[in-house]
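Trainee: I would like to learn how to read side-chain pairs and strand pairing in a model. Can we work through a case together?

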Amino acid sequence: MGGRKKPPPPPSGRTNLASCIVATIFLIFITIIILIIFFTLFKPKNPIISVTAVQLPSFSVTNTTVTFTISHYVAVINPNRGVFTHYDSSLHLLYAGNQVGFMFVPSGKIEAHRTRYMAATFSVNSFPVSSVINVPPEGMNGLRVGPSLEIEMRMEMTGRVRVMHFFTHHVEAQVECKVAIAVNDGSVLGFRC
């Protein structure tokens, strides 16, 4: 009866425990590396808003009140790797700290790494001109101009960027520009943002 061999003894509890610890450390290390790569490559960035042009199709001055129609041309750049969905966005016109015009920007989407061009035209109701700015004799860009007034334009865009259809990040952008308008003829002397 001596032909039978005994089966080998099962591994000790120490070997199983060491294997589990090594596997857990490896999984934690891989998870940390994946999160670092994800948040460096897919970190959400705010959209970039730049005003490309400002025009005044109509302008009139009566005594000390001003009425005009203003057009803004804006480029919105989405620097993210996901779609930027914007909502609750607005355009404000201010004169001497008081709001003289307001417009909601319709909701929409801007694809990843794309630029959306937007145009906003609206009429501004008459408002009193409290003070007229006298531009220096050389004016802007070396031109001679008369009295002018300064309107401040403020555009705010709020939205979200969805990355890999799973993570959603809240982003927002704002741009403020000052527009100098010649009171004599209603021409735009210049704008700076």
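Mentor: Start with charges. This is a predicted model. Arg154 and Glu152 meet through their side chains in a salt bridge, with 3.0 Å from N to O.

Trainee: What makes such a contact count as a salt bridge?

Mentor: A side-chain nitrogen of Lys or Arg must lie within 4 Å of a carboxyl oxygen of Asp or Glu. The structure holds four salt bridges. The one between Arg154 and Glu152 is among them.

Trainee: Is Glu152 buried or exposed?

Mentor: Glu152 is buried, because its relative accessible area is 17% and the cut-off for buried is under 20%. Arg154 has 24%, so it is partly exposed.

Trainee: Which Lys side chain meets Glu152 in a salt bridge?

Mentor: Lys178 does, at 3.6 Å from N to O. This pair links distant parts of the chain. Lys178 sits in strand β9 (residues 167-182), Glu152 in strand β8 (residues 147-163), and they are 26 residues apart. Lys178 is partly exposed at 31% relative accessibility.

Trainee: What is the salt-bridge partner of Glu176?

Mentor: Arg154. The closest N and O atoms of Glu176 and Arg154 are 3.4 Å apart. Again the pair links distant parts of the chain: Glu176 is in strand β9, Arg154 in strand β8, 22 residues apart. Glu176 is partly exposed, with a relative accessible area of 38%. Now put the pairs together. Through shared partners, salt bridges join Glu152, Arg154, Glu176 and Lys178 into one network.

Trainee: On to aromatic rings. How is a pair of rings described?

Mentor: By two values: the distance of the centres and the angle of the planes. Searching the whole structure gives four aromatic pairs. Take Tyr95 and Phe127. Their ring centres are 5.2 Å apart and their planes stand at 45°, so this pair is tilted.

Trainee: Where do Tyr95 and Phe127 lie?

Mentor: Tyr95 lies in strand β3 (residues 83-95) and Phe127 in strand β6 (residues 115-128). The pair therefore ties together parts that are 32 residues apart in sequence. Tyr95 is buried at 6% relative accessibility. Phe127 is buried too, with a relative accessible area of 7%.

Trainee: What is the geometry of Phe102 and Phe104?

Mentor: Their ring centres are 4.9 Å apart and their planes are at 85°, so that pair is edge-to-face. The cut-off for that label is over 60 degrees. Phe102 is partly exposed at 36%. Phe104 is exposed, with a relative accessible area of 56%.

Trainee: Which residues form one aromatic cluster?

Mentor: Phe59, Phe68, Tyr95 and Phe127.

Trainee: Last topic, sheets. What is the strand order in the open sheet of three strands?

Mentor: The order is β1-β2-β6, and the pairing is antiparallel. Read the edges next. β1 (48-62) and β6 each have a single partner strand, so one side of each is left without a neighbour in the sheet. On average, neighbouring strands of this sheet are turned by 15° against each other, direction ignored.

Trainee: How many bridges pair β1 with β2?

Mentor: Twelve, in the antiparallel sense, with β2 covering residues 65-77.

Notes
Residues numbered from 1 in each chain as written. Predicted model: local features only at pLDDT ≥ 70, side-chain atom pairs only at ≥ 80, totals over all residues. Heavy atoms only, no water. Phe/Tyr/Trp six-rings, centres within 6.5 Å; stacked < 30°, edge-to-face > 60°. Helix = DSSP H or I, 4+ residues; strand = E, 2+ residues; numbered from the N terminus. Buried < 20%, exposed > 50% of the residue type's maximum accessible area, 1.4 Å probe, protein only. Pairing = 2+ DSSP bridges. Axes fitted to C-alpha atoms, helices over the stretch in contact; angles between N-to-C directions.
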